[in-house]
Amino acid sequence: MLDRTFIRENLDRVAEKLSQRGYDFERETFRQLDDEEKEVRLEWEELRAKRNKTSDQIAQVKRSGGDASPQIEEMKQVGARIKELDGRLAELAQSMEDFLLTIPNLCHDSVPPGEDESANQEMRTFGEPRAFDFPIKDHVELGEDLGILDLQRAGKIAGARFAVYLGAGARLEHALARFMLDVHTKEHGYTEVLPPYINNRNAFVGTGQLPKFEQDLFKLEGHDFYLVPTAEVPVTNLLAQEILEEENLPISLTAYTPCFRSEAGSYGKDTRGLIRQHQFNKVELVKFARADDSYQQLEQLTSDAESILQRLELPYRVVTLCSGDTGFSSAKTYDLEVWIPSQNTYREISSCSNFEDFQARRASIRYRPSDAKKTRHVHTLNGSGLAVGRTWVALLENFQEADGTVLIPQALRPYMDGLERITVENGLKL
RNA sequence: GGAGGAGUAGCGAAGUGGACGUAACGCGCCCGACUCGAAAUCGGGUUGUCAGGUGAUGAGCUUGGCACGUGGGUUCGAAUCCCACCUCCUCCGCCA
């Protein structure tokens, strides 16, 4: 959520910035709501002040044994008017809130303007896509042939866009997650969090998934609960409504959770395999940082995520998303894209964003800067470190051998009980 | 799911319709005094938020509103009475 005072004082600039990301900011709606609320609030406050004062007088009169009925009569009128204004004020405040909650964040000045992903900017690449001297298989074929992945049977128990991992396939998923968590907690200074996978509406408003993107979520029927689409939601909201000590910043948390996404409207996209699933696992990195430190932390968080790809020897590139491609809540986003041989292209495997104070304002997460008395909203950041399912895909495809087996990168072998290669022996073929 | 109890400042805790919620009292923390220094002692300070005024759209000062778990209600007036919800504790049931 943008700061209301900031909008008020920078109407033109806000409108211009928002148009860069394809959002049409209704200046008049804002001005009207803002003015009217202010007017009503003023009268409301004046009346409350009067009532407070008169109530004290009534108390005094009564204490000294006098008759306070004229004042009481008068306050009955005032009370009725206050009640009227209460309702009107609540209405206006709600309208303003609804209006503000659907406005996306402003992009940082370093974000390249552009409408869609074609304007994204490649920052750097790591590794070389491998040249295969045999016909390659994609991860579905590899996984099914090895007996470590079953999409058919997943359809029986769940449906399309679900998967079942078997044998070394299941083990590989866990190994990747454990490996990532170990690197982030032992080497990058993150603390692991294991949150609930079902969160309430409030948490989703805090990080910006609601009220605008309800159709992307799985909602529990009859409850005010949703399945988390990313650990960003529970982990960021963990500190909602809190005032943090500056000396504790930055706070770096990591969480391994399943992620549930309805993927409504994505039918026909990535229909084959594990790339786009209703349920997948992800190790998430979340940071709470000082306002003046958050962009440095974004670089750090991105490099923390990159280090996983490097250790797994997977070729990837880093791109800066242009204004039109940047997510609703984000001010700046770097995507990490891993090389997928069967598609002959780089595919997103992590999205690292600085939300500045956009989420912190919604969730009310503040800190006390040491040089000032007033509190200030923290800057929140997050990024995948990494999406485990897509890492599984990248690993199978990039490390496949001519005989259909898959080598396991050195860094991961300790997590696979020393297994060096996945063969049909490690799967379940029925 | 049922029955009871509890949520007040960083922590503990008093207040149970009006007599200052910046809210008793205690602890902690900050500043100062005493001291060579420390401890002890003494003095002072120590919630957030919104709006108006002043100021430079800063720091600060100032006036007022709001907040005693959350949201409603009763009342001239609610931390205090009533209702609903949330969280925690105890017991019963059920369960991993």
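**Group meeting: a predicted protein–RNA model**

Of the 23 residues around RNA strand B, those that come nearest are Arg 63, Lys 76, Lys 83, Arg 368 and Thr 375; a residue is near a molecule or strand if one of its heavy atoms lies within 4 Å of it. Before I continue, the conventions: this is a predicted model, local features need pLDDT of at least 70, side-chain atom pairs count only at pLDDT 80 or more, and totals for chains, interfaces and linings use all residues. Residues are numbered from 1 along each chain as its sequence is written, chains are lettered from A and ligands numbered from 1 in the order in which they are written, and side-chain values use heavy atoms, with hydrogens and water left out.

Let me stay with the RNA. On the protein side, the surface near RNA strand B has 13 charged, 7 nonpolar and 3 polar residues. In this classification, Asp, Glu, Lys and Arg are charged, Ala, Val, Leu, Ile, Met, Phe, Trp, Tyr, Cys and Pro are nonpolar, and the others, Gly among them, are polar.

Arg 48 has a polar side-chain atom 2.8 Å from a phosphate oxygen of RNA strand B. For Ile 72, a backbone N or O atom lies 3.4 Å from a sugar or linking oxygen of RNA strand B. Two or more residues of the surface near the strand are given by each of α3 (27-63), α4 (69-101) and β13 (365-368). The largest share, 13 residues, comes from α3. Helices (H or I, at least four residues) and strands (E, at least two) are DSSP runs, numbered from the N terminus.

Strand β13 leads us to a sheet. Which order do the strands of this open sheet follow? The order is β7-β13-β14, 3 strands with mixed pairing, where two strands pair if DSSP finds at least two bridges between them. The edge strands, each pairing on one side only, are β7 (242-245) and β14 (376-377). Strands β7 and β13 run parallel and are joined by 4 bridges. Glu 242 has Ile 365 of β13 as its bridge partner.

Now chain A as a whole. Its secondary structure comes to 12 helices and 17 strands, and its C-alpha trace spans about 100 × 45 × 40 Å along the principal axes. Of its 430 residues, 51% count as buried. Here, buried means under 20% relative accessible area, exposed over 50%, and partly exposed in between, with a 1.4 Å probe and protein chains only.

Two residues show both ends of that scale. Asn 281, in strand β9 (residues 279-289), has a relative accessible area of 17% and is therefore buried. Its side chain makes a polar contact of 2.8 Å with the side chain of Glu 173. A polar contact is a pair of N or O atoms within 3.5 Å; within protein, one must be able to donate a hydrogen and the other to accept it, and residues adjacent in sequence count only if both atoms are side-chain atoms. His 174, in helix α7 (residues 168-187), is exposed because its relative accessible area is 51%. C-alpha to C-alpha, His 174 lies 8.7 Å from Val 388, although the two are 214 residues apart in sequence.

Most residues other than glycine have a negative phi, and most peptide bonds are trans. Pro 211 lies in the loop between α8 (201-207) and β6 (225-227). The peptide bond from Gly 385 to Leu 386 is also cis, with omega near 15°, and Leu 386 is found in strand β15 (residues 379-387).

Positive phi values occur at Glu 313, about 60°, and at Asn 344, near 55°. Glu 313 sits in the loop between α10 (294-311) and β10 (316-320), and is partly exposed, with a relative accessible area of 45%. Asn 344 belongs to the loop between β11 (332-340) and β12 (345-356), and is exposed at 57% relative accessible area.
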